[in-house]
Amino acid sequence: MKLKAAQVDSFLRSPDAKAQIILIYGEDEGLVRERGATLAKTVVEDLKDPFRVVELGPAQLKEDGGRLRDEAAAISFGGGRRVVRLRDIGDAQAATIADFLQYPAGDALIVCEAGGLPSRSKLRQAVEKAGNGMALPCYADSGRDLEGLIKSVMDEHNLQIERDAVRYLIANLGSDRMISRNELQKLALYALKQQRVSLADAMACIGDSSARHYDDVLQAVSAGNVANLDTALTRLVEEGLNPVGALRMMIGYFQKLHLVKGQITQGTSVEQAMKALRPPLFFKAADQFRANLSYWPLPHIQRALQIFLEAEKDCKSGLAIPETLAHRAMIKVTVARQKQGRR
């Protein structure tokens, strides 16, 4: 079975008892791991309990084909239902999962964590077609998802937060749930003594954090520097960050350029148009943004947005590797900017 987006929250709180194997997959590794832990804790509160929780990887499943069934059927010392967490699995393990779904054993909850899987994925198909399996997709956080995360973390610390601060955080947090949560925890500790998070607090604490991982990519694209873009994207991948997150950052940035450029054509001054942006620009980014208003004509901004939006749509289709699609779109826009600069 496949879970619908509207059903995710209630399922995480109380998983369907018929689902012995739950597949959590998506590009947002942090969200996949967070939801995996949430589901595991519905059975075992302490995930470090060696008698009730076991973690297996692809190598262990390959080495011993019966290991999954043995662990699922094992009885824990001291009693209680067990959890089997399968990490970093993919289509290579599809046959093992399909076999278990057809001939299940024991009553352990099996939580499978995987990366992005296209609709044709054998692993996805095996779980989605099984009555005792559930597939739970994890998409990069939208504005609404991030707002809920922000509220959740602030509530944990009994903090109030200004609306402008929320808008700023939504615009500047990355697309990885784990990174976003860590940055929000840092912000909460920063503002703990004053019991209220202001826009100034958010800008001081977050402005140069998760967004900085993508800033080199943004600068390379907007400046038309292909060599720097390749270097920045390579570093992004090496750090384990999601290039698709950089693609979404591009969309947000060029939407701001489009908005301000449109206001300028209607007679608004550059400074007034920039000050009206909500959330406001981080002060360190203002000079670059102002320069890009001069370098990027409105039709070129519109074309860049079209390229990025189409690439994001294609990333969700599962027809090609998202990293490849994102890289191709950014190269296309960067080269166009480079050619414009030569004229």
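**Helices and loops of a predicted chain**

Visitor: What do the buried residues of α6 pack against?

Guide: The buried residues of α6 pack against β1, β3, α5 and β5. Here, helices (H or I, at least four residues) and strands (E, at least two) are DSSP runs, numbered from the N terminus. Buried means under 20% relative accessible area, exposed means over 50%, and partly exposed lies in between (1.4 Å probe, protein chains only). Contact means heavy atoms within 4.5 Å.

Visitor: Where does this model come from, and how are its residues numbered?

Guide: This is a predicted model, in which residues are numbered from 1 along each chain as its sequence is written. Local features need pLDDT of at least 70 and side-chain atom pairs count only at pLDDT 80 or more, while totals for chains, interfaces and linings use all residues; side-chain values use heavy atoms, with hydrogens and water left out.

Visitor: Back to α6, then. Which of its residues are buried?

Guide: Leu-123, Arg-124, Ala-126 and Val-127 are buried in α6. They cover an arc of only 165° around the axis, so they are on the same side of α6. The arc is that of the directions from the helix axis to the C-beta atoms.

Visitor: And which ones are exposed on the other side of α6?

Guide: Lys-122 and Lys-129 are exposed there.

Visitor: Why would residues a few places apart in a helix point the same way?

Guide: An α-helix has 3.6 residues a turn, so residues three or four places apart point the same way.

Visitor: You mentioned α5. Which of its residues are buried?

Guide: In helix α5 (residues 94-102), the buried residues are Ala-94, Ile-97, Phe-100 and Leu-101. Seen down the axis of α5, they fall within an arc of 135°, so they line one face of the helix. The face turned away from that buried side carries the exposed residues Ala-95 and Gln-102.

Visitor: What do the buried residues of α5 pack against?

Guide: Their partners include the strands β1 (21-25), β3 (83-89), β4 (109-114) and β5 (133-137). The helices α4 (67-73) and α6 (122-129) also pack against them.

Visitor: At what angle do α5 and α6 pack?

Guide: The angle is about 10°, and the axes are 9 Å apart. That makes α5 roughly parallel to α6. Axes are lines fitted to C-alpha atoms, for helices over the stretch in contact, and angles run from 0 to 180 degrees between N-to-C directions. Angles under 35 degrees count as roughly parallel, over 145 as roughly antiparallel, 65 to 115 as roughly perpendicular and the rest as oblique.

Visitor: Which residues meet there?

Guide: Ala-94, Ile-97, Ala-98 and Leu-101 of α5 meet Lys-122, Leu-123, Ala-126 and Val-127 of α6. By class, this contact has seven nonpolar, no polar and one charged residues. Ala, Val, Leu, Ile, Met, Phe, Trp, Tyr, Cys and Pro count as nonpolar, Asp, Glu, Lys and Arg as charged, and the others, Gly among them, as polar.

Visitor: How do α2 and α9 pack?

Guide: Helix α2 (residues 29-40) and helix α9 (residues 177-190) pack at about 80°, with their axes 5 Å apart. They are therefore roughly perpendicular to each other. Gly-30, Leu-31, Arg-33 and Glu-34 in α2 meet Arg-177, Met-178 and Arg-181 in α9. The residues of this contact divide into two nonpolar, one polar and four charged.

Visitor: Changing topic: where is Asn-158, and what is its phi?

Guide: Asn-158 is in the loop between α7 (143-156) and β6 (160-161). Its phi is near 55°, a positive value in a residue other than glycine. Asn-158 is exposed, because its relative accessible area is 66%. Most residues other than glycine have a negative phi.

Visitor: What about Gln-195?

Guide: Gln-195 also has a positive phi, of about 65°, although it is not a glycine. Gln-195 lies in the loop between α9 and β7 (196-197). With a relative accessible area of 56%, Gln-195 is exposed.

Visitor: Is Asn-292 buried or exposed?

Guide: Asn-292 counts as buried, because its relative accessibility is 3%. Its place is in helix α15 (residues 286-295). Leaving aside neighbours within four places in sequence, Asn-292 is in contact with Ser-222, Tyr-253 and Leu-257.

Visitor: Finally, how many helices and strands does the chain have?

Guide: The chain has 17 helices and seven strands. Of its 343 residues, 47% count as buried.
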